[in-house]
Amino acid sequence: MALYIGLISGTSVDAIDAVLCDISSSSPNTIQLLNMLNFPFPKVLREELLLFGKLQYQGDGIDQLGQLDRQVGQCFAQAVEQLLTSSSHQADNIVAIGSHGQTVRHRPQLSHPFTLQIGDPNIIAAETGITTVADFRRKDMAYGGQGAPFAPAFHREFFTSTDEPRAVVNLGGIANITLLKPNQNTMGFDTGPANTLMDQWIQQHQGLSYDHNGQWAMSGDVIPQLLEELLKAPYFQTVAPKSTGCEYFNLDWLNGFLNFRYRAQDVQRTLLELTATTVANDIQRYMTSGSIYLCGGGAHNQAVLTRLQQLLAPISVETTDSLGVHPDWVEALAFAWFAHKTMRRESVDLSTITGAQRNTTLGGIYYP
Ligand SMILES: Nc1ncnc2c1ncn2[C@@H]1O[C@H](COP(=O)(O)OP(=O)(O)O)[C@@H](O)[C@H]1O
Ligand SMILES: [Mg+2]
């Protein structure tokens, strides 16, 4: 067994998720979660990141990128320090950190496609004294992959059943699903928005960062014609491999469909329905029986869980807690595991997920 740390901040820019885990090199690997930490970004840094991520950002982009890269790297290093303080382990005991970083732009569709995660791994390695594996997504893109999603490769390793088809749904800012069928290639792709539109809409209308348990959404009614129009968006018609981000699903996109007479809570209810419907449609396209497991922050949203249960019945819908992994830590564990693979020079097969043309080791290694 060997100790690794996994770090990620997703498109919600809510916090850094940090885990310390013990990974075996048996086949398939086993993983044991030892310590975990949710490290919120300082308020000013979060606001700067959200502003910088906007397509209309109007500052000195290069200066801002460089400074944010460093500050996010420092936050990731602080998260590691706190995680180790809360555990009985020292930096010397850790083989490596796997750091996803913070995505500031994801553009798989351009003629010169790119994806950009910040949080300088040089800073993380220097400040923690721990070897850091980072810059995972660009490696996949270099081999023709979408650069996302990566979590399905982790789900395949740890959540596959030989008895039943399973789907794992990661409800972050964006939703990605993984289809795990016995003896078949794993599929995984982004279905579209999970929380990002709901988060942005409630922020604009209620000043809240998210809609706790979908309560505000459930005080409204679905607007059928709005839902129908949103579902016609080209992204939902595209077939996998595919990935997306907040560059596509944002309030500017939504505003293009809105009628000023709509009540704000009805729009929120429709956005919740959009998330549930797109996830359920994509699962039903490939699965007619088995079990569904939710993870990511959206797994706590009781209203989303209930709607998925209703739309997907009789297929059962639970969270990854039922598989022994708390839904909040799945993605950070995934990046600890990717670091483990890279440190062992083992490649990861993302060909049926991101569309990468060959298996490769992921990320680059930064020594302290
Ligand atoms: N109890 C809850 N009810 C509704 N939404 C929740 C709840 N807990 C977390 N969330 C949602 O989860 C999001 C964070 O999920 P996370 O998996 O960290 O996303 P990301 O990977 O994009 O950072 C929050 O922005 C919020 O929308
Ligand atoms: Mg998060």
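**Helix α11 and its neighbours**

I looked up α11 (residues 264-286) and α12 first: their axes come within 9 Å and cross at roughly 40 degrees. That angle makes α11 oblique to α12; angles under 35 degrees count as roughly parallel, over 145 as roughly antiparallel, 65 to 115 as roughly perpendicular and the rest as oblique. Axes here are lines fitted to C-alpha atoms, for helices over the stretch in contact, with angles from 0 to 180 degrees between N-to-C directions. Helices (H or I, at least four residues) and strands (E, at least two) are DSSP runs, numbered from the N terminus.

I note for the record that this is a predicted model, in which local features need pLDDT of at least 70 and side-chain atom pairs count only at pLDDT 80 or more, while totals for chains, interfaces and linings use all residues. Residues are numbered from 1 along each chain as its sequence is written, chains are lettered from A and ligands numbered from 1 in the order in which they are written, and side-chain values use heavy atoms, with hydrogens and water left out.

I checked the handedness next: α11 passes α12 in a right-handed crossing (left-handed if the near helix is turned anticlockwise from the far one by less than a right angle, right-handed if clockwise). On the α11 side I listed the contact residues, among them Leu272, Ala276, Val279 and Ile283, which meet α12 residues including Val304, Leu308 and Leu311; contact means heavy atoms within 4.5 Å. The residues of this contact divide into 10 nonpolar, 2 polar and 3 charged (Ala, Val, Leu, Ile, Met, Phe, Trp, Tyr, Cys and Pro count as nonpolar, Asp, Glu, Lys and Arg as charged, and the others, Gly among them, as polar).

I then took α8 (residues 224-231), whose axis comes within 10 Å of that of α11, with a crossing of roughly 45 degrees. α8 is therefore oblique to α11. The crossing of α8 and α11 is right-handed. From α8, Leu226, Leu227, Leu230 and Leu231 make the contact, meeting α11 residues that include Val267, Leu271 and Leu274. I counted the residues by class: 7 nonpolar, 3 polar and 1 charged.

**The sheet**

I traced an open sheet of 5 strands in the order β9-β8-β7-β10-β11, with mixed pairing; two strands pair if DSSP finds at least two bridges between them. β9 (187-193) and β11 (316-319) are at the edges with a single partner strand each, so one side of each has no neighbour in the sheet. The twist averages 20 degrees from one strand to the next.

β8 (residues 174-180) pairs with β9 in the antiparallel sense over 6 bridges, and Ile174 stands opposite Pro193 in β9. Helix α5 (residues 151-159) packs on the sheet, touching β7 (166-171), β8, β9 and β10 (291-295), with its direction at about 40 degrees to that of β8. I found α12 (residues 302-312) lying across β7, β10 and β11, at about 155 degrees to β11.

**Backbone checks**

Most residues other than glycine have a negative phi, and most peptide bonds are trans. I noted a cis peptide bond from Ala148 to Pro149, omega near -10 degrees, with Pro149 in the loop between α4 and α5. A cis bond also joins Ala313 to Pro314, omega near 10 degrees; Pro314 is in the loop between α12 and β11. Val13 is not a glycine, yet has a positive phi of about 50 degrees. I placed Val13 in the loop between β1 (2-9) and β2 (15-23).
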